[in-house]
Amino acid sequence: MVSYIRAPVYKSVKSIAGINLPVLKAYIPNFVLWGGAVGAGIATFTDGVPLFKDTFYSKIPVVGTHWTHNPDPEDVPI
Amino acid sequence: MQISSLFKRNSVYVATILVGAFSFQAFFDVGVNRWYEYHNRGKLWKDVKGKFLEGGDEDEDDDE
């Protein structure tokens, strides 16, 4: 016997303020790329901060000397 | 890889600019310094310092 239904049965994905799991998944590549951009921005704008210079940037191979400054103590004016 | 692929997504574009800014300053600085020190080798203060500082007072007396 054929069973009829009254109307299409819609299901809605659980979402909070229009954001749901499939949407979030679709956005993952974007989030990763923006994360990289934010990381690069942090590196660029903390370029002159001594803590960052000494902890990270001076340890970069080849170009690390850009962030190091070790003059001979004889050559430093008092 | 095409250059235009850098402009397709704003995130890639922004990241390219920032990474470029960060790495360019370091590479440019180190590169120019290396060239300058090679070009002027033997004439830089660090090369000739020994000549002036080892004698100390004696050299100054001779000059005067």
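How many helices and strands are there in chain B? Chain B has 3 helices and 0 strands, where helices (H or I, at least four residues) and strands (E, at least two) are DSSP runs numbered from the N terminus. The model is predicted: local features need pLDDT of at least 70 and side-chain atom pairs count only at pLDDT 80 or more, while totals for chains, interfaces and linings use all residues. Residues are numbered from 1 along each chain as its sequence is written, chains are lettered from A and ligands numbered from 1 in the order in which they are written, and side-chain values use heavy atoms, with hydrogens and water left out.

**Chain B**

- Along the sequence, the elements of chain B read α-α-α.
- Of the 64 residues in chain B, 17% are buried (under 20% relative accessible area, with exposed over 50% and partly exposed in between; 1.4 Å probe, protein chains only).

**Interface of chain A and chain B**

- Contact (heavy atoms within 4.5 Å) links 21 residues of chain A with 19 residues of chain B.
- The two chains bury about 1600 Å² between them, 67% of it on carbon and sulfur atoms; buried area is the accessible area (1.4 Å probe) that two parts lose on being put together, summed over both.
- On the chain A side, Trp34(A), Val63(A) and His66(A) lose the most area to chain B, together 29% of what that side buries.
- There are 3 salt bridges between chain A and chain B (a side-chain nitrogen of Lys or Arg within 4 Å of a carboxyl oxygen of Asp or Glu).
- A salt bridge joins the side chains of Lys49(B) and Glu74(A), at 3.8 Å from N to O.
- The side of chain A that touches chain B has 12 nonpolar, 5 polar and 4 charged residues; Ala, Val, Leu, Ile, Met, Phe, Trp, Tyr, Cys and Pro count as nonpolar, Asp, Glu, Lys and Arg as charged, and the others, Gly among them, as polar.

**Two residues of chain A**

- Thr44(A) lies in helix H1 (residues 21-45) of chain A and is buried, with a relative accessible area of 19%.
- Leaving aside residues up to four places away in sequence, Thr44(A) touches Leu18(B), Ala21(B) and Phe22(B).
- Val62(A) belongs to the segment after helix H2 (50-55) of chain A and is exposed, with a relative accessible area of 55%.
- Phi of Val62(A) is near 70 degrees, a positive value in a residue other than glycine.
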